[in-house]
Amino acid sequence: IMELKRALVLAAEKGHAEVVEELLKYVDTNNREGNQAFIAAAELGAYKIALQLLNHGADVDSRVKFEKTTALMCAAQEGNLEFLQELLARGADLHAKDCDGKTALVIAAMTGKIDVVRKLVELYAGDDEHSDDLWTAFTKAVENDYVDIVLEILSNKTHAKKHKAEATKRINDALLTAARYRSLEVVRVLLERGPRKSVINEALLIAAQSDFPEGVQLFLKNGANKNTKANWGVTALSLAASEGNVDIARELMDTGVDLQESDEKGETALMKACCSGNAQLVLELLERGVEINVKDKEGWTALMYAVGVGYITAARNVRNFDGLEIVLALLNRGAKIDEENKRGEAALDLVQASCNKDLRDEMHYYHEDAYYENALLIRDSIIWILLNRSANLGVSDGQDQLNIMRDKDDMGNARGFLE
């Protein structure tokens, strides 16, 4: 009998319907092996076999050993509405959760199975005890930009009417989630639901940081304050600058944002752009007349950020010459070389200390040794420029040499530049 039970499990796992049918003449399924065979068939999508096993006594709520998946969850994930309805008719637990805490409804929402979601949402109507499952499914649909599922859950009028305050809060939270996951169509839908102005402002900040230009445009169009600030005082422009999001920064600058706004540390958008090592973004800000020699609360200027951090970031992002171009652009527009921060450090001190052993060890750990070598070469180029500018030797401003190196994309030319 035990061998027959094992054979039943194996036949179910392989989807051999005729073998399963033959074995069921000799064994029942109201036992561990029967349940194992049933859930294996459900996972495989062999629904005819699964129903055969149910008819011979398998437990409709049998679970996969470690994942704790049920047949209902399998049907939800595959979008098999017919099998799902059959399982529900046989008493399958609608609220069972897998090892990650996901129900069949949440799984269907995550995988975009609208027909399954529509059926399950009907069963949740008026179920206050399990309303969190409904909103978890809603959030997963938002994250994956399944706008039809978002609308389906929002249209659950029984629940929405009874829990209006909760629904409003969830919509506000969902807008922030949609901005973070760049779920454009969901953003459109949620904006039509009239979220709070403060939430739209927060969504603008998230979109600016998340490289979501379409979202930025929508939030501005729907009344977001272009100069809104996060709790630590950072603006949308500064967030875009810190991530090197050029298109978003340009979009915000075109609206007339305050270029000089600083966060609670005194850091401006220009400083953050210099840290990002994105030359195009720095040049955009400079062309629009941003002040160059402003200091943050520690006395750091944009030039200090460029020579202390930015060129390394550029090297790590395989934009080797952006760091050098930023330094030249700042100097050519009047950045003060000899300004000192509160620790008495000038730009030359900061660049000399930047490519140190700790950084080398860190980049080696992340297999970035080649980037470190490039960063070293750019550092030496910056030191050369700063020394010659400070000494006022009347040398070229370096832009011609930089253009030659960039055109050839050859770090070896940087060495020739130094020599």
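The following conversation walks through a predicted model of a protein chain, one question at a time.

Visitor: How many helices and how many strands are there in the protein chain?
Guide: Since this is a predicted model, what we describe here is computed from its atoms. Of the 419 residues in the protein chain, 51% are buried, and among contacts with a separation of 6 or more, 71% join residues 24 or more positions apart. As for the elements themselves, the protein chain has 26 helices and 0 strands.

Visitor: Is the crossing of helix 14 and helix 15 left-handed or right-handed, and which residues of helix 15 make the contact?
Guide: The crossing of helix 14 and helix 15 is left-handed. On the side of helix 14, the contact is made by Ile200, Ala203, Leu204, Ala207 and Ala208, and by class the contact of the two helices has 8 nonpolar, 1 polar and no charged residues. The residues that helix 15 contributes are Gly215, Val216, Phe219 and Leu220.

Visitor: Why is the pair of Tyr47 and Phe83 counted as tilted, and what is the angle of their planes?
Guide: A pair of aromatic rings is described by the distance of the centres and the angle of the planes. A search of the whole structure finds 4 aromatic pairs, and in the one formed by Tyr47 and Phe83 the ring centres are 4.4 Å apart. Planes under 30 degrees apart would count as stacked and those over 60 as edge-to-face, so this pair is tilted, with its planes at 40°.

Visitor: How many residues apart in sequence are the parts that Tyr47 and Phe83 tie together?
Guide: Tyr47 is buried at 16% relative accessibility, and Phe83 is buried as well, with a relative accessible area of 3%. Because Tyr47 lies in helix 4 (residues 47-55) and Phe83 lies in helix 6 (residues 81-89), their pair ties together parts whose separation in sequence is 36 residues.

Visitor: What is the angle between the planes of Tyr365 and Tyr366?
Guide: Tyr365 is exposed, with a relative accessible area of 61%. Its ring forms an aromatic pair with that of Tyr366, with 5.0 Å from centre to centre. The pair is edge-to-face, and the angle between the planes is 90°.

Visitor: Which residues does Gly310 touch, not counting those up to four places away in sequence?
Guide: Gly310 is found in helix 20 (residues 302-316), where it is buried with a relative accessible area of 1%. Its C-alpha atom is separated by 8.9 Å from that of Lys272, which is 38 residues apart from it along the chain. Leaving out residues up to four places away in sequence, Gly310 touches Cys274, Cys275, Gly277 and Tyr305.

Visitor: What is the phi of His367?
Guide: Most residues other than glycine have a negative phi. His367 is found in the loop between helix 23 (357-365) and helix 24 (369-391), and at 71% relative accessibility it counts as exposed. Although His367 is not a glycine, its phi is positive, at about 60°.

Conventions. Residues are numbered from 1 along each chain as its sequence is written. This is a predicted model: local features need pLDDT of at least 70, side-chain atom pairs count only at pLDDT 80 or more; totals for chains, interfaces and linings use all residues. Side-chain values use heavy atoms; hydrogens and water are left out. A crossing is left-handed if the near helix is turned anticlockwise from the far one by less than a right angle, and right-handed if clockwise. Helices (H or I, at least four residues) and strands (E, at least two) are DSSP runs, numbered from the N terminus. Contact means heavy atoms within 4.5 Å. Ala, Val, Leu, Ile, Met, Phe, Trp, Tyr, Cys and Pro count as nonpolar, Asp, Glu, Lys and Arg as charged, and the others, Gly among them, as polar. Rings of Phe, Tyr and Trp (its six-membered ring) pair if their centres lie within 6.5 Å; planes under 30 degrees apart count as stacked, over 60 as edge-to-face and the rest as tilted. Buried means under 20% relative accessible area, exposed over 50%, partly exposed in between (1.4 Å probe, protein chains only).
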